[in-house]
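Here are a few exercises to work through with the model open beside you. Try each task before you read its solution.

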Amino acid sequence: MNGGIRISHAKKCYGNNVIIPDLSLEIKEGEFFTLLGPSGCGKTTLLRMIAGFNTIEDGDFYFGDTRINNLDPAKRNIGMVFQNYAIFPNMSVKQNVAFGLKNRKLPKNVIEERCDRFLKIMKIEEMKDRMPDRLSGGQQQRVALARALSIEPAVLLMDEPLSNLDAKLRIEMREAIKEMQNELGITTVYVTHDQEEAMAISDRIAVMNLGVIQQIGTPKELYLRPRNQFVANFVGTSNFLYATVKEENGKKILVFDNGYELEMPNLTEEAKDGLRVMAAVRPEEFIIHKEPTPFAVTVHQSSFLGLNTHYFAHLDDGTNIQVVHESEFNDRTGIGSKLYLTMNAAKINVLSEDGSHTLIAEETSDNA
Amino acid sequence: MTASKKRFDVWTLISIGIMLMYLLFLIFPLFTILKNSFYTSADPSFTMENYSKFFSNSYYTDSIWNSFKVSFATMALSLIIAIPMAYLFTMYKIRGSRFVQILIVMCMISAPFIGAYSWILLLGRNGIITQFVKSVTGITLPKIYGFGGILLAMTTRLFPLAFLYIQGGLKNVDNSLLEASANMGCNGIKRFFKVVIPLVMPSILAAALMVFMRAFADFGTPLMIGEGYRTFPVEIYNQFVGETGTNHNFASAIAVIAIIITALIFLIQKIATSKFQFTMNSLHPIEKQKMKPLKSFFVHFFIYGMVMISMLPQIYLAYLSFRNTTPSGQSFTSGYSFDSYIKAYKRVGRSIGNTMKIGIIALIVVVLLAILIAYLVVRRKNALNNLIDVTSMIPFVIPGSVVGIALVTSFNQKPLILTATIAIMVIAMTIRRVPSTIRSSIAVLQQIPITIEEAAISLGTSKLKTFFRITVPMMASGIFAGAILSWVSIITELSSSIMLYGSKSITMTVAIYTLVARGTDGQAAAVATALMVLSGLSLAIFYSFSGDKEISM
């Protein structure tokens, strides 16, 4: 197959309940593509539509140039990895991995050779004769991966494969999956609700909410230039602050409600004088000053997390503000003390007042 | 949930095939008796005469009342025995508990009327105990025939069923619940009534329903030991094949009334159960404790006593089967031999082959149907499969004798004449056993995550192959246990086979019945013992395959 996966105007409903109203997206060949979103956003539904386990109410699904809407799931040439691993409990590790190969009626030596190869890639060759009930969760997931990959599928689909693992194993498996994908170059669609996992593993991510794609982009684009309030808050966290645009001598200045002013060189045409906007400021995009600034907040809680310290503070009008600062030994900020802040105009994002779209002008990211 | 929901595939064909089978072998026969009940043989027009005859005549209405009384009494007595017994079994260490458990199951799986028959031989007019007591003390024991005898025979056979249900319920009670209640000052007897009973209420209600239904539908026991105490199923039988002249239309009307009553009981139980809906996740099952010597004595006395009383009929029959008889076979003489076995084999030897043949074929069909239907109901929810689900449960509320009548009256004319064939026996057994096997298969299948099947499909397996290669093997162990129990109840079935058998399709239970009717007690005992051994062997196979697992409901 070549040309990746193309989905145009997909629709999914259960009875009168519309899960995905109208969704289009393209996944490039060899890409590691992640569907990211909160539970119930339709990401697993979409994945299962690609796999053929869910009906498609409307729209077209293509693998390369082949329309797969009505293709039997068994004939789509996909490898699938499930959240609960779905290892056949009545077969040994090796029988699990060989299962798909035997279905394809491949010659015995090919089956042997491929089994060994993928058991080796997933580093489980020494437990090939074990039964699944004697494997740990991580090992079971390796078997599931080896089994899905052994048929050399055109597409690998993974449905929250790491969510049943403990934190440490999750990171280890994450690296194993990424390494495997780099090595094989297989087009991969990955579903997760964990934004950190998505960013660590993906080439590109589609952030979904309520069955609608909010933004598609590289992890960097999503984090640094979120296109709306949902993305700004779901991928990492942001402080949302209201401000008014002021135009002066051809320059655009944000005037925050507490009087703080910040010149913004990268706003779109839409940001005219007097427009109310919403600034999305990440906790680490604040700069802390020793001497007073107009942006003063009062700290009511702080957490020391090693590399960084998180301050939970509020403005005089009660708005909560999160600030992250590199930890310093001599830091004397306690509860009740004031922090004087400014912002980095190149980093913060400005959205329309309702948070529905960005007012930052397009710029070419060097990694797009 | 699956992609193929709307597509026409092999499973759609299977659904349609199963539905057609149910239409032919269940709905059509039931419809036939319903239709027959509104006609009389003399008058070809629609009439309510059969029903008015039934309800205006206390001779008939008494039989309903009698059935109710005897079924409720059996249910109550079975629960009174089974609840404390299951509780003691779960709470305390009982010596030889595994042995006792097996004996309890043995009591349960004996053929329905054999117990009654043996009780007559023990406590009847010429019963050995009756004679013994009379010769020693001169006291005449109260007579066993009628209500008391039915109650005794049914309870000793059905309390084990209640015991297994309630024991299963108690296994799901978490030890911490008992500890918590003790911690709050509720212990011992008080805890038994305030905490334990409410927690196992769903199991108790399920047990009550099962016992009631079995007692209500039991035909062999009252026939054997009832003497003038007429119950419903016996009345149906008498009207159908009775010596006083048969009246199929009237028998049909009684059958319809019987179905309505059992369906009502079923609904009442469902409503009662819905009031006790809760889920428990038992992480720590109750730990068995050691008892103080005195308490231990009474507990063991109670448990072993109950089991011994229940086993007595079977043991006595086994003993009788080896005694010598007069050449006519109608009374016992001194000495022991295999004579009764040899004579019985000469007269009804083919019944052994028939029982095996009917049992094995029916079992295969039952298991296959149950697996297919469970798959359709769990994995392929749609209107047709819901209909199959409901239809397949109908036989649950239909007494066996009614199944028998329905099949006989429906398939006694062209194009399909099946009366007195092995085939009709297999159909009857299948219809009767399938509901419970479906329930257990559904429970097993619901435990298996659907993603395992999807994994197989995504690896390029066809749907049907996935089903046979992945789903069925995973269900196998759960189904196997149920299948053995189905097998045992098929080979010990009487109420529908007595309506359906012919000289070529006679089964062991029917053979015992006919031998009893001829008064050849030794031979009847011999066949009964052979049947008991067969059931016991099946049970042994169950235990050896299922390892340490116990039979649970």
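A residue counts as buried when its relative accessible area is under 20%, as exposed when that area is over 50%, and as partly exposed in between. Keep in mind that this is a predicted model.

**Exercise 1. Work out how compact chain B is, and how much of chain B is buried.**

Start with the elements: chain B has 24 helices and four strands. Next, take the radius of gyration, which is 25 Å. The globule rule gives 24 Å for 553 residues, so chain B is as compact as a globular protein of that length. For the overall extent, the C-alpha trace spans about 75 × 70 × 50 Å along its principal axes.

Now apply the cut-off: 57% of the 553 residues of chain B count as buried. Then look at the contacts with a separation of 6 or more: 78% of them in chain B come from residues 24 or more positions apart. Last comes the surface. Chain B exposes about 24,200 Å², and carbon and sulfur atoms supply 67% of that area.

**Exercise 2. Count the charged side chains of chain B and find how far apart the centres of the two sets lie.**

Chain B carries 44 positive side chains and 19 negative ones. The centres of these two sets are 4 Å apart.

**Exercise 3. Find which element of chain B holds Lys463(B), the salt-bridge partner of Asp72(A).**

First, a reminder: side chains of opposite charge can pair when their charged atoms come close. Here the closest N and O atoms of Asp72(A) and Lys463(B) are 3.5 Å apart. Asp72(A) sits in the loop between strands E5 (66–67) and E6 (78–81) of chain A, while Lys463(B) belongs to helix H21 (residues 463–491) of chain B, so the pair joins two chains. Finally, check the burial: Lys463(B) has a relative accessible area of 16%, so Lys463(B) is buried.

**Exercise 4. Compare two salt bridges, Arg174(A) with Glu196(A) and Glu235(B) with Arg230(B).**

In chain A, the closest N and O atoms of Arg174(A) and Glu196(A) are 4.0 Å apart. This pair links distant parts of the chain, with Arg174(A) in helix H5 (residues 167–184) and Glu196(A) in helix H6 (residues 195–201), 22 residues apart. Arg174(A) is buried at 12%.

In chain B, Glu235(B) and Arg230(B) meet at 3.2 Å, N to O. Glu235(B) counts as buried at 1% relative accessibility, and Arg230(B) counts as buried at 17%.

**Exercise 5. How many salt bridges are there over all chains?**

The count comes to 21. Arg114(A), Arg117(A) and Glu152(A) are linked in a network of salt bridges.

How values were computed: Residues numbered from 1 in each chain as written. Chains lettered and ligands numbered in written order. Predicted model: local features only at pLDDT ≥ 70, side-chain atom pairs only at ≥ 80, totals over all residues. Heavy atoms only, no water. Rg over C-alpha atoms; globule rule 2.2 N^0.38 Å. Buried < 20%, exposed > 50% of the residue type's maximum accessible area, 1.4 Å probe, protein only. Contact = heavy atoms within 4.5 Å. Areas by Shrake-Rupley, 256 points an atom, 1.4 Å probe, with all protein chains shown as cover. Lys, Arg positive; Asp, Glu negative; His and termini not counted. Charge placed at Lys NZ, Arg CZ, Asp CG, Glu CD. Salt bridge = Lys/Arg side-chain N within 4 Å of Asp/Glu carboxyl O.
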